[in-house]
Amino acid sequence: MIRLGATWLGLMLLLAVEFVAALAHAGWIAYATAPIMVLTLACVFMHAASASALSRIFAITGIFWITVLLGIGAVDYSVRKATPAEALTAPYTAAAPTE
Amino acid sequence: MAEPKGFQYASPAHEADTAIAGMWLFLASEALFFGGLFFVWLQLRIRHTGGVTLGAEHANLLIGTLNTAILLTSSLSYTLGVQRAREGRGRATAWAALVTAGLGVAFLGLKLLEWGLDLRDGLFPGVHFALTGQNAGGAHLFYDLYWVATGLHGAHMLVGIGLVLLIARRAWQGEFSPAYTTPVEVTGLYWSFVDVIWIILYALIYVVGRA
């Protein structure tokens, strides 16, 4: 029970850090705090650390495929010359009709 | 209560491990489901940085933070309930589940309030979208994502509250014992996973854009 309470307190402290960071326009801090919060919650409240080998394989597989999704998706966009989304920032101009 | 064991399992422990592993597999597929939304956010952040900043600055940070605190507390209360179930204390398990469901309802109540304020402030995508200026296009996309993501998360919360209430009822009726806590444990995994998704959404919607 003490371990669970300490974990909750730690998570609340990290949340407070994120809140203050957002107010101070230093939101990038969440790139560090959010993964720590997720890992802590998964290991303590979801018992991931003490789960069976099969459960851990499934959990790691989920993380792996999310990494593939984000990684390959990011590569695609980084090499693409133009995307439809650019139309939202750059007004569309139709080509002049040719004779 | 006697330990249930299906014919296909070698032992009750084998059955419990299989059920828990099955939930982890389901959660992995759910992670990929939400992963698509995270990917959309990543692209918005790269291509419409100003729009994400504009959108995040108009998101209700106070309600978002309160809701995160509520969900973190609900994960604690449910995990305490799992411990009570392992000790064979059905009534204590039921109370923990009821507290958890109550916190879930409080989360949804605050979320409804926030959605109402967003609608009042013209933050719903469409022709009446209130944010203007150079970054309005990106902010519009940001709020497309905001409504889809928080709506899907809210739907998961509704399912979670239903499951937790079911656990409370079964625990009150004495259906669990130190030898049989599988439904309590499996439901706890789902509940905490919904909490994990919110931790990420909170960072992406309310915090990171304010940089």
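Predicted model: local features only at pLDDT ≥ 70, side-chain atom pairs only at ≥ 80, totals over all residues.
Among the elements of chain A, H1(A) comes out highest with a mean of 94, while H3(A) has the lowest mean, 87.

Let's start with the layout of chain A. The chain is divided into domain 1, covering 1–49, and domain 2, covering 51–81. Taken over C-alpha atoms, the centres of these two domains are separated by 22 Å.

Now look at where the two chains meet. Here 40 residues of chain A are in contact with 42 residues of chain B. Which elements of chain A give two or more residues to this side? They are helix H1 (2–23), helix H2 (30–44) and helix H3 (53–79). H3(A) supplies the largest share, with 13 residues. As for the kinds of residue on the side of chain A that touches chain B, 31 are nonpolar, eight are polar and one is charged.

Next, turn to the loops of chain A, where two histidines are worth a stop. A:His25 sits in the loop between H1 and H2, and its phi is positive, near 55°, although A:His25 is not a glycine. Is A:His25 buried or exposed? There are 12 other C-beta atoms within 10 Å, and 12 or fewer counts as exposed, so A:His25 is exposed. A:His47 is in the loop between H2 and H3 of chain A. This histidine also has a positive phi, about 55°. A:His47 has 17 other C-beta atoms within 10 Å, which makes it partly exposed.

Finally, let's go inside. The largest nonpolar core has 81 residues, and B:Ala97 and B:Ala203 touch the most other members. Helix H6 of chain B (residues 182–207) gives the largest share of this core, 18 residues. Where does the core lie relative to the two domains of chain A? Domain 1 (1–49) and domain 2 (51–81) both give residues to this core, so it lies between them.

Note on methods:
Residues numbered from 1 in each chain as written. Chains lettered and ligands numbered in written order. Contact = placed C-beta atoms within 7 Å. Helix = DSSP H or I, 4+ residues; strand = E, 2+ residues; numbered from the N terminus. Nonpolar A, V, L, I, M, F, W, Y, C, P; charged D, E, K, R; others polar. Domains from an automatic or database assignment. Buried ≥ 20, exposed ≤ 12 C-beta atoms within 10 Å, placed from the backbone. pLDDT = per-residue confidence, 0-100. Core = buried A, V, L, I, M, F, W, Y, C linked by C-beta atoms within 7 Å.
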